[in-house]
Amino acid sequence: MRIRVLGSAAGGGFPQWNCGCPNCRGVRTETIKATARTQESVAISADGERWFLLNASPEIRQQLESFPPLHPKRPRHSPVEAIVLTNGDLDHCLGLLSLRESHPLTVYATERVRRGFSEANVLYRTLERFADQVTWRTLKIGSEDALTDDLTIEAVPVPGKPPIHLEGRFAPDPEDNVGVRVREIRTGKILAYFSSVGGVSPAVQRAVTDADCVFFDGTFWSEDELPKLGLGDKRARDMAHAPLGGVEGSLATLGALRARRRILIHLNNTNPLLRDDSPERADVAARGWDVAYDGLEVML
Ligand SMILES: [Zn+2]
Ligand SMILES: [Zn+2]
């Protein structure tokens with residue numbers, strides 16, 4: 001299985017358009033050791049021909065262009081076989097609306113995420129220009145389904161919440177936020193993709209334990225990262241992202257994993273891990289974790 005990181009930042013990207021935090025300022029002025037990143041999306045393929053996108057970021061056009069295997073091979077064509085949405089946050093699904101050029105799309109999502117995106121959304125009509133423009137395939141928690149003849153997918157419920165624009169409309173539900181396990185049938189290799197994790201529940205722990213490659217929520221290093229920088233009063237867990245650091249952080253909770261590749265993704269622009277020379281970066285490296293960047297590839 002070939003895995004290509006198209007985007008590695010959390011919502012807002014790095015730098016974020018309205019952010020003047022030390023990281024965003026530093027990457028703009030090239031005064032820190034850090035690289036800009038687009039919002040989270042990953043492409044995977046077993047055969048190098050048919051590709052699946054994990055999440056559709058607002059930067060999808062640039063991301064598809066950035067990777068030649070995703071370019072069309074005929075006058076009207078896309079190697080993107082389907083798109084998997086892990087939750088309904090806009091940084092994960094807004095890109096779907098940018099794929100409106102009359103191309104049939106297949107989208108895997110839980111029923112909750114499908115409803116949250118398509119119901120009462122006047123912009124969704126752009127994906128209803130012709131019959132079957134979008135084929136939704138339901139991700140059912142706990143069932144392993146075929147993506148192709150060589151890949152399967154299984155959705156795992158992850159502590160989370162409905163997207164901000166649906167808070168108050170939708171009561172929280174276990175299907176609001178999922179991680180996925182993608183298994184390559186030929187080799188038995190498993191990718192565990194958990195880019196948005198509000199807490200390391202037993203189901204999350206089980207799902208990553210036997211994986212060969214783990215992508216995990218790297219949004220925040222600490223619980224009070226935003227308030228400390230004067231960026232509002234929301235704490236990491238208010239935003240359904242367990243912080244990585246500290247004795248109760250997700251890295252400590254996850255403990256030792258079998259996976260040969262362990263990669264943190266969905267990094268918020270405030271995260272000290274974005275600085276290549278930060279002590280936090282050295283800490284995660286010592287624990288065997290890499291920090292995702294746009295263009296990173298893994299062969300499983
Ligand atoms: Zn996000
Ligand atoms: Zn910032």
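Student: Which residue in S5 stands opposite Val84?
Tutor: This is a predicted model, in which local features need pLDDT of at least 70, side-chain atom pairs count only at pLDDT 80 or more, and totals for chains, interfaces and linings use all residues. Residues are numbered from 1 along each chain as its sequence is written, chains are lettered from A and ligands numbered from 1 in the order in which they are written, and side-chain values use heavy atoms, with hydrogens and water left out. S4 and strand S5 (residues 105–109) pair in the parallel sense over 2 bridges, where two strands pair if DSSP finds at least two bridges between them. In S5, the residue opposite Val84 is Tyr108.

Student: How many residues of strand S4 are buried?
Tutor: Strands (E, at least two residues) and helices (H or I, at least four) are DSSP runs numbered from the N terminus. Buried means under 20% relative accessible area, exposed over 50%, partly exposed in between (1.4 Å probe, protein chains only). S4 spans residues 80–84 and is mostly covered, the buried count being 4 of 5.

Student: What is the handedness of the crossover from S3 to S4?
Tutor: Strand S3 (residues 51–54) runs parallel to S4, joined to it by 4 bridges. Leu53 faces Ile83 across this pairing. The chain passes from S3 through helix H2 (residues 60–65) to S4. With the strands pointing away from the viewer, a path from the first strand over the helix to the second that runs clockwise is called right-handed, and this β-α-β crossover is right-handed.

Student: Which are the edge strands of the open sheet of 7 strands?
Tutor: The sheet has mixed pairing and the order S6-S5-S4-S3-S2-S1-S14. An edge strand here pairs on one side only. The edge strands are S6 (134–138) and S14 (297–299).

Student: At what angle to S6 does helix H5 run?
Tutor: H5 (residues 111–118) lies across S5 and S6. Axes are lines fitted to C-alpha atoms, for helices over the stretch in contact, and angles run from 0 to 180 degrees between N-to-C directions; contact means heavy atoms within 4.5 Å. The angle between H5 and S6 is about 150°.

Student: Why is the pair of Phe117 and Tyr124 given the class it has, and which class is that?
Tutor: Rings of Phe, Tyr and Trp (its six-membered ring) pair if their centres lie within 6.5 Å; planes under 30 degrees apart count as stacked, over 60 as edge-to-face and the rest as tilted. The structure holds 6 aromatic pairs. The ring centres of Phe117 and Tyr124 are 5.9 Å apart with planes at 85°, so the class is edge-to-face.
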